Amino acid sequence: SSLIDNAKFARSTIPFINKSQYAFYEEKILKNYIEQNEIENRMESALDNNEFKVYLQPKFNTRTKTVYGAEALIRWHISKDEILLPGKFIPIFEKIKNAMKII
């Protein structure tokens, strides 16, 4: 049963436009898929619970030795001890946003 499930999952990872008839199952692909689903499922509650924090990183002019602006950085505080960096969640949010445009 689990072998069949793994085979079905591997097949589902092949893009439709790629006419390939086979795929290889890899545990890391499944782990990545599960992680993405967890992030998607937690997104709305994270917004409601103010888990996203914005940090301002100053932009500094070395010639004039002055701060001339700031860059906004976002971090997702999943728990008291765990922060999820934007490289993990922003691509997933962008994928969701693009999918919503299609619908």
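The structure is a predicted model, in which local features need pLDDT of at least 70 and side-chain atom pairs count only at pLDDT 80 or more, while totals for chains, interfaces and linings use all residues. Residues are numbered from 1 along each chain as its sequence is written, and side-chain values use heavy atoms, with hydrogens and water left out. The protein has three helices and three strands, where helices (H or I, at least four residues) and strands (E, at least two) are DSSP runs numbered from the N terminus.

**Overall form**

- From the N terminus on, the elements follow the order α-α-β-β-β-α.
- The protein is more spread out than a compact globule, because its radius of gyration is 20 Å, well over the 13 Å that the globule rule gives for 103 residues; the radius is taken over C-alpha atoms, and the rule is 2.2 Å times the number of residues to the power 0.38.
- Taken along the principal axes, the box that the C-alpha atoms fill is roughly 65 × 30 × 30 Å.

**Surface, contacts and charge**

- Of the 103 residues, 15% count as buried, a term that means under 20% relative accessible area, with exposed meaning over 50% and partly exposed lying in between (1.4 Å probe, protein chains only).
- Contact means heavy atoms within 4.5 Å, and among contacts between residues at least 6 apart in sequence, 30% join residues at least 24 apart.
- There are 16 positive and 13 negative side chains, and the centres of the two sets lie 9 Å apart; Lys and Arg count as positive and Asp and Glu as negative, whereas His and the chain ends are not counted.

- The three strands form an open sheet in the order 1-2-3 with antiparallel pairing, where two strands pair if DSSP finds at least two bridges between them.
- Strand 1 (52-61) and strand 3 (83-84) are the edge strands, each pairing on one side only.
- Strand 2 (residues 66-77) and strand 3 run antiparallel and are joined by two bridges, and His77 has Ile83 in strand 3 as its bridge partner.

**Tyr68**

- Tyr68 is found in strand 2, and it counts as exposed because its relative accessibility is 56%.
- Apart from its neighbours within four places in sequence, Tyr68 is in contact with Lys59, Phe60 and Asn61.
- Tyr68 and Met43 are 25 residues apart along the chain, and their C-alpha atoms are separated by 33 Å.

Note on methods
Charge placed at Lys NZ, Arg CZ, Asp CG, Glu CD.
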